[in-house]
Amino acid sequence: MKRAAPPRLPPRDDHLISLINMIFLLLILFLTSSRLAPGEPFAVRPPQIRHAASAPPAPPRILLLDATGQMALDGRLITAEALGAAVAAPRNTADLLRVKADARLSAGQLRATLEALHAAGVARVELIVVAESRRD
């Protein structure tokens, strides 16, 4: 009597997982050990200077406006009457001024503030806004 052969199991792909792992490890090795930019053909040492040619630019100033019209310039509370003097006094009026206004502030109040900044000689104003999908 002949014995029936045991049923054949389908081939397993376990060896492919280790092969994929090895390929990714080699890829990481080649990426980390390769040069991203070609090297210079010879070494050059630039001259040294004692002082920088120009001072780094000052960070932009920020004017905060809340829903009631209260203002703060660079973290200090100011009144609407003192806005022109506060903006023009310490720095060059050609500097950038960023305005961060509350969404509930009326358009009339924002326009009056922007007109006061223009009258004070501020040349560049950026209004900070947030995309609707990112609003808190």
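Helices (H or I, at least four residues) and strands (E, at least two) are DSSP runs, numbered from the N terminus. This is a predicted model, in which local features need pLDDT of at least 70 and side-chain atom pairs count only at pLDDT 80 or more, while totals for chains, interfaces and linings use all residues. Residues are numbered from 1 along each chain as its sequence is written, and side-chain values use heavy atoms, with hydrogens and water left out.

Colour by pLDDT (the predictor's confidence in each residue, from 0 to 100). The protein averages 79, and 87% of the residues score at least 70. Confidence is lowest in helix 2, at a mean of 80, and highest in helix 3, at 88.

Select helix 3, residues 107-119.

Show Leu110, Thr113 and Leu117, the buried residues of helix 3 (buried means under 20% relative accessible area, exposed over 50%, partly exposed in between; 1.4 Å probe, protein chains only). Seen down the helix axis, they fall within an arc of 65°, so they line one face (the arc is that of the directions from the axis to the C-beta atoms). The face turned away from this buried side carries the exposed residues Ala107, Gly108, Arg111, His118 and Ala119.

Just after helix 3, pick glycine 121, which takes a positive phi of about 95°.

Finish at arginine 124, in strand 5. Arginine 124 is partly exposed, with a relative accessible area of 46%. Arginine 98 is 26 residues away in sequence and 8.5 Å away in space, C-alpha to C-alpha.
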